[in-house]
Amino acid sequence: MNDTVSTGTAMPPSAALEAQSLVKRYGRKPVLEGITFGVQPGEVYALAGPNGSGKTTLIRLLTGLAFPTSGTVRMLGADLYNGGHAARRALGAVVEAPAAFYPHLTGRQNLEMVAFLSELQGSETKIREMLVKLELLAVADQPVRTYSLGQRQRLGLASAILHEPQVLILDEPTSGLDPQGISRVHEILSELAWKGVAVLLSTHHLREVSAYADKVGILGGGRLLDEVRLGSKGERYRLRVSDPARAYAFLRTVPGVHNVSLRDVSVVFEGSPNAALAALVREGYQVQFLEPDYFDLYEYYRERVKHA
Ligand SMILES: Nc1ncnc2c1ncn2[C@@H]1O[C@H](COP(=O)(O)OP(=O)(O)OP(=O)(O)O)[C@@H](O)[C@H]1O
């Protein structure tokens, strides 16, 4: 496993969204087998997994659209299945995107309907703000049936976050969006997380999501195979040097250089690249290259799913 990430399924008690030992069977067919994980306030958690691994089923359980065979889901500490209103009030969600809307009503009217149903105060201003944020103002007064897929996706997100939920759950929020739409959604989700919202999304786009997710849960065969915490990028370096085994041992003694490891014929470390380079050159090593060591989530995922 890559050194820039850490894994584990331990769940601190302060998670805004907590799934505990979730099992789902259809008849005798097991779809999810004992899923336990949590999403903290301010965290973006991406669920990844091959087709049929159970992402949509898990999202349906987490949003109360389906019931588990056993296990619990808590939203801000309230039980989703028995706690009723308290848990659901905290939740905003788009499951099976794009969300369903009244096609003959305009985008604005659809949001008014959502605001009415969730008894939102001051909704006119909030709806306008949301239309601006999601870049839908120009089409706000057109019927939704005339919207493109990207516009529907953004309207779905608008309706999910209109009541300012503390937990946001989205099934593939960027599928069908163009690059500009994708980065707009990223910005919005990052901003919500920054404000303390716990965001859970499912995705097939690992390289895209690794740019802004804090954690990735890898589902495979109905189990949570791994959780990957994405480290701060650009702090690790990799170098190729003559006699890497000896250089590895030497770098471990250099001040300002830490967490040194040997990966194949490369030496990987954290800390100051200048300190490492100067020390190696001073000792007579020939350094062929030194570069930032970016963690490739996609490659890691492929290996993890292959060996599951
Ligand atoms: N209502 C159902 N009855 C029986 N089996 C079901 C039902 N819903 C889902 N399944 C099965 O559960 C498994 C997981 O399906 P799910 O849709 O959750 O996977 P997914 O990871 O979301 O897949 P994809 O990436 O293709 O969307 C599949 O084998 C699917 O056939």
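Here is a friendly conversation about a predicted model of one protein chain and the reasoning behind the words used for it.

Me: What makes up the chain as a whole, in helices and strands?
Reply: The chain has ten helices and 15 strands. Its C-alpha trace spans about 75 × 50 × 30 Å along the principal axes, and 40% of the 308 residues are buried.

Me: Which share of the contacts joins residues at least 24 apart?
Reply: If you take the contacts between residues at least 6 apart in sequence, 68% of them join residues at least 24 apart.

Me: Why is Glu135 called partly exposed?
Reply: Let's set the value against the cut-offs. A residue is buried with 20 or more other C-beta atoms within 10 Å and exposed with 12 or fewer. Glu135 has 14 C-beta neighbours inside 10 Å, so Glu135 counts as partly exposed. You will find Glu135 in the loop between helix H4 (123-133) and helix H5 (149-161).

Me: What makes the phi of Glu135 worth a look?
Reply: Most residues other than glycine have a negative phi. Glu135 is not a glycine, yet its phi is near 55°, a positive value. Asn259 is another case, with a positive phi of about 45° although it is not a glycine.

Me: Where does Asn259 lie, and why is it called partly exposed?
Reply: Asn259 lies in strand S13 (residues 257-263). It has 13 other C-beta atoms within 10 Å, and therefore it is partly exposed.

Me: What makes S13 an edge strand?
Reply: Look at its sheet, where four strands are ordered S13-S14-S12-S15 with antiparallel pairing. S13 and strand S15 (287-292) each have a single partner strand, so one side of each is left without a neighbour in the sheet. From one strand to the next, the twist averages 25°.

Me: How do you know that S12 and S15 pair?
Reply: Two strands pair if there are at least two bridges between them. Strand S12 (residues 236-241) and S15 have five bridges, in the antiparallel sense. As an example of residues facing each other, Arg240 stands opposite Phe289 in S15.

Me: Which helix packs on this sheet?
Reply: That is helix H9 (residues 273-282), which touches S12, S13, strand S14 (266-271) and S15. The direction of H9 makes about 170° with that of S15.

Me: Where is Tyr294 found, and why is it called partly exposed?
Reply: Tyr294 is in the loop between S15 and helix H10 (297-306). With 13 other C-beta atoms within 10 Å, Tyr294 is partly exposed. The C-alpha atoms of Tyr294 and Arg238 are separated by 9.1 Å, although these residues are 56 apart along the chain.

Me: Which residues surround the ligand?
Reply: Among them are Tyr26, Lys29, Gly52, Lys55 and Thr57. The shell divides into two nonpolar, seven polar and two charged residues. H1 gives the most to this shell, with three residues.

Me: Which residues touch the most other members of the largest nonpolar core?
Reply: In that core of 69 residues, they are Ala158, Val199 and Leu200. Leu200 touches residues including Leu17, Val39, Tyr45 and Ile169. Apart from this core lies another, of 13 residues, including Tyr237 and Phe269.

Me: How do the residues of strand S7 point?
Reply: In a regular strand the side chains alternate between the two faces of the sheet. In strand S7 (residues 91-94), Leu91 and Ala93 point one way and Gly92 and Val94 the other way, and all are buried.

Me: How many bridges join S7 to S8?
Reply: Four bridges join S7 to strand S8 (residues 167-171), and the two run parallel. Ala93 stands opposite Ile169 in S8.

Notes. Residues are numbered from 1 along each chain as its sequence is written. This is a predicted model: local features need pLDDT of at least 70, side-chain atom pairs count only at pLDDT 80 or more; totals for chains, interfaces and linings use all residues. A residue is near a molecule or strand if its C-beta atom, placed from the backbone, lies within 6 Å of it. Ala, Val, Leu, Ile, Met, Phe, Trp, Tyr, Cys and Pro count as nonpolar, Asp, Glu, Lys and Arg as charged, and the others, Gly among them, as polar. A nonpolar core is a set of buried Ala, Val, Leu, Ile, Met, Phe, Trp, Tyr and Cys residues joined through C-beta atoms within 7 Å. Two residues are in contact if their C-beta atoms, placed from the backbone, lie within 7 Å. Axes are lines fitted to C-alpha atoms, for helices over the stretch in contact, and angles run from 0 to 180 degrees between N-to-C directions. Lists of a residue's contacts leave out its neighbours within four places in sequence.
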